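Trainee: I am new to this structure. Please take me through a few of its packing details.

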Amino acid sequence: MMKSTSFYSLPVEIMLLMAYQLNIGDCYHCSQVSRQWYQIFRPRMYRSVDIYDSKMLDCFMKMVSQERIQQGTMATSSHLFFPVSRYVKAIEISQVEIPKELQEFPVQSLAWRCVDPLIPRISQTMGCYGGITSLTLKFTKEEIISSFDFYALLRNIPRLECLALSGYFKELTVDHLEQLHNEASKTLTTLDLEGDVLLAAENHWVPSARSVPSSSLVQNLRLAYRWPDARNSAMWLLYLTHKYPGVHRLQLEGRKGAATVVSTSSRLSGRGNEEQDLLEVDPLCIQACNEFSHHHPDLEHMRLVNLGLHPSLYRTILHGLHHCRDIDLAGVEAPLSYSGEEKQQWLEDLFATFQERVERLNIKLVYPRIVMLGLSRCKNLRELTLSRTSGFITSRDHHWQLSLSDLLSSCPHLVHLTLRQLTVALKPSGATCVNTNSKTHPLRVLRLEHVAMPAIALQDLGTRCPQLRQLYIHYCKWLSQNHQYNHVELYMANQSLDLVEIINSGDVYTLEPHNLLAIQTKFSKRDHWFLNTSSTSSKATTIAAHPVPTQVNTWNQIRSMLNTQILEPLNESDVMMVEQQIKALTMARASRTTPPSNNVFPHIKNALNRGYLNFHCESINKFYFNGTQIYI
């Protein structure tokens, strides 16, 4: 007979290989099994260290010094010993000085973040350690900006790869970028600048400069400013095109207030004409969009928000980006003067420029229904984020509503779907796409944020999407047929879910979210009832501001996971009391009489008045309700 092999009999080398395949959260749990596993899996947890205050820095440095002493005593011993300092690959430090002892760490990445840095703190940090690879500085005070020599700081960081500045260049000019390029290290690959407004670039732009090849190695570029008028936006687009030709990820995020070019004549006539509008567009804008599309064939990710360009020019920008698979058009909208048919045609032409290659798409429209035919052309679409720019999320008008069934039919390969500020229709429209309800869909992750929808829509979704594993419901409203019954029943009987997260969601006719929850799985004989009391509810609301992570990768997520409040289920007497009160409420509402109190506790009675959520599925791995983890 073959002997059974346990984990404890595996060689240490195999255990180390297993540790490198796990995330930090799994390694943390494995390190609590035994002393041997603690020494094996603990170093893996420290591959990325996040230090956010001086107390945590002192603890980390104390642990390292103790390990050095222990390493000397363990040199002649047969015990396992894996020092943490040998396995640290990345360190992130926030709001504290970098100590001299970190010079001996052979880390691959050292990040330093600071808000309103003081001159003594910066001088001490730069004097002790110049091996910073990532620098993030945020400025909110004018007196600190005026007394801060930023370019002298750059000259002392020869290994800088990532630079993020917020508030330092409030009015960004081309001269600022040129000096930044000259003073920064040649290893800089990521540049993130955020401020107020981009100043006019026309006086700084020299056409002959386009013939000079750029030496910039920046691959990730983000500018978050308010863009000027259309002509100056085109000048900036020309400058960025030839200054950063090797960029792979580009994010141009305009603040609100950027100009939107719409033909005056078409606005007065009440109808839109794209050819007539293009005749009134500055030729420089057309030239800038054509050159941008021609010089960035390797662009992989692009985000364009409120740039002040004519909406038809975005199609020109996207036309030559043959390798761009991640497109964010949250700030692109059809001209206001266009009719419904013209907006539909404009959107179809826009989708035709990237229909075969796009895999991740984010789009924000006034009428989300018109996006259906365009999405049906995106055959390789895997991730979609769809939201609405205006209107009430509880609108009953069919123009504002979106059919979830039609959306899945338009995107047969969709894996990750996010809906924001939408109203989900109960029935499919039947006119926007081919009916494929009989086919199963490969959707695995569904995220709903500020969405109004009927509960039966999720029941149909569970039947059609058997591979659904993660469900997020944040600040949603449930549409019920009768406002007298504000309880919600979610039946997904055949669904095996890994993660369910429900935050501050309730009936559309109530102003407060549900605090009472009932869960039933295939293996449970009865409903499990849970209640958020007044003391727990305030804590849950605080935690709910930071959604629970699906994959634990940092120490901050470890801390949030350990600090999560555990909600105990109601006992049998409370459950019987709740069920009796529900029956009494149902009979009272049917007969239109006042329901009896039945000696119900006040907190349970208040929760029932708000309504309750009844969730049915086959199995659940992790369930979070209003920021509180629930164990079934």
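**Helix packing and buried spots**

Mentor: Helix H1 (residues 12-20) and helix H3 (residues 35-45) pack with their axes 9 Å apart, at an angle of about 40 degrees. This is a predicted model, where local features need pLDDT of at least 70, side-chain atom pairs count only at pLDDT 80 or more, and totals for chains, interfaces and linings use all residues. Residues are numbered from 1 along each chain as its sequence is written, and side-chain values use heavy atoms, with hydrogens and water left out.

Trainee: How are the helices, strands and axes defined?

Mentor: Helices (H or I, at least four residues) and strands (E, at least two) are DSSP runs, numbered from the N terminus. Angles run from 0 to 180 degrees between N-to-C directions, and axes are lines fitted to C-alpha atoms, for helices over the stretch in contact.

Trainee: Which residues of H3 does H1 meet?

Mentor: Contact means heavy atoms within 4.5 Å. On the H1 side are Val12, Met15, Leu16, Ala19 and Tyr20. They meet Trp37, Ile40, Phe41 and Arg44 in H3.

Trainee: Are H10 and H13 roughly parallel or roughly antiparallel to each other?

Mentor: The axes of helix H10 (residues 230-243) and helix H13 (residues 283-295) come within 9 Å and cross at roughly 25 degrees. Angles under 35 degrees count as roughly parallel, over 145 as roughly antiparallel, 65 to 115 as roughly perpendicular and the rest as oblique. H10 and H13 are therefore roughly parallel.

Trainee: Which elements do the buried residues of H15 pack against?

Mentor: Buried means under 20% relative accessible area, exposed over 50%, partly exposed in between (1.4 Å probe, protein chains only). In H15 the buried residues are Lys343, Gln344, Trp346, Leu347, Glu348, Leu350 and Phe351. They pack against helix H14 (313-319), strand S11 (326-329), strand S12 (360-365) and helix H16 (372-375).

Trainee: Does Thr173 count as buried or exposed?

Mentor: Thr173 sits in the loop between strand S6 (171-172) and helix H9 (174-183). Leaving aside neighbours within four places in sequence, Thr173 is in contact with Leu199 and Trp236. Its relative accessibility is 13%, so Thr173 counts as buried.

Trainee: What separates the C-alpha atoms of Pro117 and Lys138?

Mentor: Pro117 lies in the loop between strand S3 (109-115) and helix H6 (119-128). At 0% relative accessibility, Pro117 counts as buried. Pro117 and Lys138 are 21 residues apart along the chain, and their C-alpha atoms are separated by 8.0 Å.
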